[in-house]
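Reader: Could you take me through one part of this fold in detail? I'd like to hear about the strands and what surrounds them.

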Amino acid sequence: MTKPSLPDLLHAAVSAVGGTERPGQVAMAEAVGEAIDDNSHRLIQAGTGTGKSLGYLVPALAHGERVVVATATLALQRQLVERDLPRTVEALHPQLRRRPQFAMLKGRSNYLCLHRLHEGAPQDEEEGLFDQFEAATPTSKLGQDLLRLRDWADETETGDRDDLTPGVSDKAWAQISVSSRECLGATKCAYGAECFAEAARERAKLADVVVTNHALLAIDAIEGAPVLPQHEVLIVDEAHELVSRVTGVATGELTPGQVNRAVKRAAKLVDEKTADSLQTASESFERVMELALPGRLEEIPEDLGYALMALRDAARNVISAIGSTRDKSVHDEDAVRKQALAAVENIHTVAERITNGSEYDVVWYERHDRFGATLRVAPLSVSGLLREKLFEDRSVVLTSATLKLGGDFNGVAASLGLSPEGVEGDDVPVWKGLDVGSPFDYPKQGILYVAKHLATPGREGTRGDMMDELAELIEAAGGRTLGLFSSMRGAKAAAEELRGRLDNPILLQGEETLGELIKAFAADPKTCLFGTLSLWQGVDVPGPSCQLVVMDRIPFPRPDDPLMSARQKSVEEHGGNGFMAVAATHAALLMAQGAGRLVRASGDRGVVAVLDPRLATARYGSFLRATLPDFWYTTDRNQARRSLAAIDAAAQAEDK
């Protein structure tokens with residue numbers, strides 16, 4: 001039997017989902033197929049509307065060996081497993097003569113833990129286990145959530161938090177879930193045979209396509225203990241997010257509260273002397289943290305160094321002692337010991353990492369009004385880690401709507417540990433870049449307007465001229481505005497100011513769940529939605545409700561961001577341009593994602609307005625503009641208003 005061709009398979013899949021085949025989608029599928037066949041690597045930029053998911057799923061399913069697909073978020077995982085994969089498998093079945101299996105795999109804490117549910121959760125004050133269902137008042141929100149979780153545990157087949165509708169608070173979920181470090185392990189646990197997380201792993205071992213997220217992919221790469229089943233091909237969707245997700249997984253932190261909880265958990269499981277030494281070290285650390293000022297620690301201060309060494313040594317002694325001490329009064333000792341060990345091991349790991357001091361780590365203090373000070377340590381770069389762990393022994397395809405920065409792939413490639421395209425060497429993973437474009441006619445569908453006449457935004461203070469400009473643009477657009485702000489403070493200030501000046505309803509991120517806000521924004525064209533980071537990437541509202549996307553300023557990282565400034569300094573010390581490599585690249589990625597909110601369908605029209613003159617006047621402005629969709633460009637404020645008014649009038653006429 002002849003092997004079905006990729007174009008035929010793609011045609012069948014697109015027809016099954018009721019879509020339209022796009023030239024970019026065909027080019028993408030062929031490039032993914034080639035990478036799989038050649039065991040090579042690809043970076044593929046596929047603009048909004050390309051049909052990216054089918055562009056990689058069809059060659060993945062046709063391959064026949066196991067493929068892992070890693071996405072940025074649990075929501076994207078869900079879309080693939082519940083919508084895209086079932087339809088595609090059905091469509092390809094007649095030609096493939098097989099029905100490929102697929103499964104979703106998440107971190108352990110996303111699954112309900114039956115041991116925690118039935119035996120209780122360790123309680124910080126009492127170190128033993130307590131029945132969280134009895135402890136929570138049935139009339140309280142927490143109590144109601146817990147009772148609903150107990151009922152759901154009898155019905156659910158997956159134990160997956162995402163399958164619980166409506167959801168519960170993080171606090172409630174924490175009572176019935178465990179991290180991988182706290183888990184007893186299937187062989188030791190009385191509920192191991194029924195464990196939801198273990199069942200998900202078993203399904204993944206049998207699947208042709210395993211859908212996971214960037215965080216689990218990072219854990220699999222960093223921690224050395226394989227979480228994902230063996231696979232020949234890795235496809236990373238939303239790949240522009242990968243570096244920040246891997247950095248997050250590789251970041252350690254210590255807080256006085258966290259150390260105190262570990263002390264309490266360990267106290268009944270070790271002798272008094274060992275417990276006292278951890279308690280004393282904890283108190284010293286707390287005293288140092290009370291005086292901590294936010295910012296990077298290029299040298300570890302002497303008092304912090306002593307406190308961390310004491311914590312490290314005391315934690316090591318507790319870890320050794322926990323293995324041999326038994327306390328008859330402790331109920332379900334294995335679970336209590338495991339939880340205490342997890343907490344103390346984390347303290348030991350982070351304290352030792354900071355004490356050892358690596359030139360490849362950045363250490364800093366953060367201070368929060370409510371939670372006090374936190375000590376953090378993160379890798380200066382994850383590029384070496386990614387080059388070593390990601391690109392060996394398998395073919396890797398990375399795809400996103402935003403991978404070309406300033407016109408080429410090399411900036412993103414460098415952050416992933418790859419050399420410039422075309423460079424070959426013994427230890428250099430070779431890759432090719434492909435931009436399959438977008439089916440949208442950006443110059444006809446959208447305008448990029450830069451408010452060149454405004455004053456350059458400063459660090460602090462309100463921008464009166466910017467508020468006036470924003471109000472006039474919203475009025476011209478008749479509402480229909482997604483306001484993307486570089487800080488929550490800026491979003492709040494604009495919402496407060498314009499609620500007093502305009503008749504349009506203005507929704508503000510944080511005043512309701514993100515899902516509810518987006519639903520309300522989409523439902524009423526007169527409404528505006530203001531917010532910060534998650535809105536730059538998480539909003540998909542095609543049609544007349546989103547015809548103006550406003551960015552208040554170029555979203556450079558804060559100058560006092562310890563990790564970003566350390567990365568910038570490192571590039572400069574190695575002879576590079578730190579500002580362009582770090583700050584401008586960060587801003588370009590966010591701006592491209594933000595501008596991508598405007599045109600989500602072939603009939604969409606609108607304006608992206610950037611209220612920061614530097615996009616037009618600064619030398620780096622052309623680099624940033626080259627990263628954005630190819631909209632028609634203007635700095636003429638009257639032209640922008642006329643266009644918005646015309647788009648608004650056309651949308652109103654269509655509604656009638």
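Author: Happy to. To read the sheet, take two strands as paired if DSSP finds at least two bridges between them. Keep in mind that this is a predicted model. On that basis there is an open sheet of seven strands, with parallel pairing, in the order β3-β6-β2-β7-β12-β1-β13. At the edges sit β3 (102-104) and β13 (431-435); each has a single partner strand, so one side of each is left without a neighbour in the sheet. Going from strand to neighbouring strand, the turn is 15 degrees on average, direction ignored.

Now zoom in on one pair. Strand β2 (residues 67-71) runs parallel to β6 (residues 209-213), and five bridges link them. Within that pairing, Val69 faces Val211 of β6. Helix α4 (residues 74-96) packs on the sheet here, touching β2, β3 and β6, and its direction makes about 160 degrees with that of β6.

Strand β10 (residues 361-368) runs antiparallel to β11, with eight bridges joining them, and a hairpin of three residues connects β10 to β11.

Note on methods: Residues are numbered from 1 along each chain as its sequence is written. This is a predicted model: local features need pLDDT of at least 70, side-chain atom pairs count only at pLDDT 80 or more; totals for chains, interfaces and linings use all residues. Side-chain values use heavy atoms; hydrogens and water are left out. Helices (H or I, at least four residues) and strands (E, at least two) are DSSP runs, numbered from the N terminus. Axes are lines fitted to C-alpha atoms, for helices over the stretch in contact, and angles run from 0 to 180 degrees between N-to-C directions. Contact means heavy atoms within 4.5 Å.
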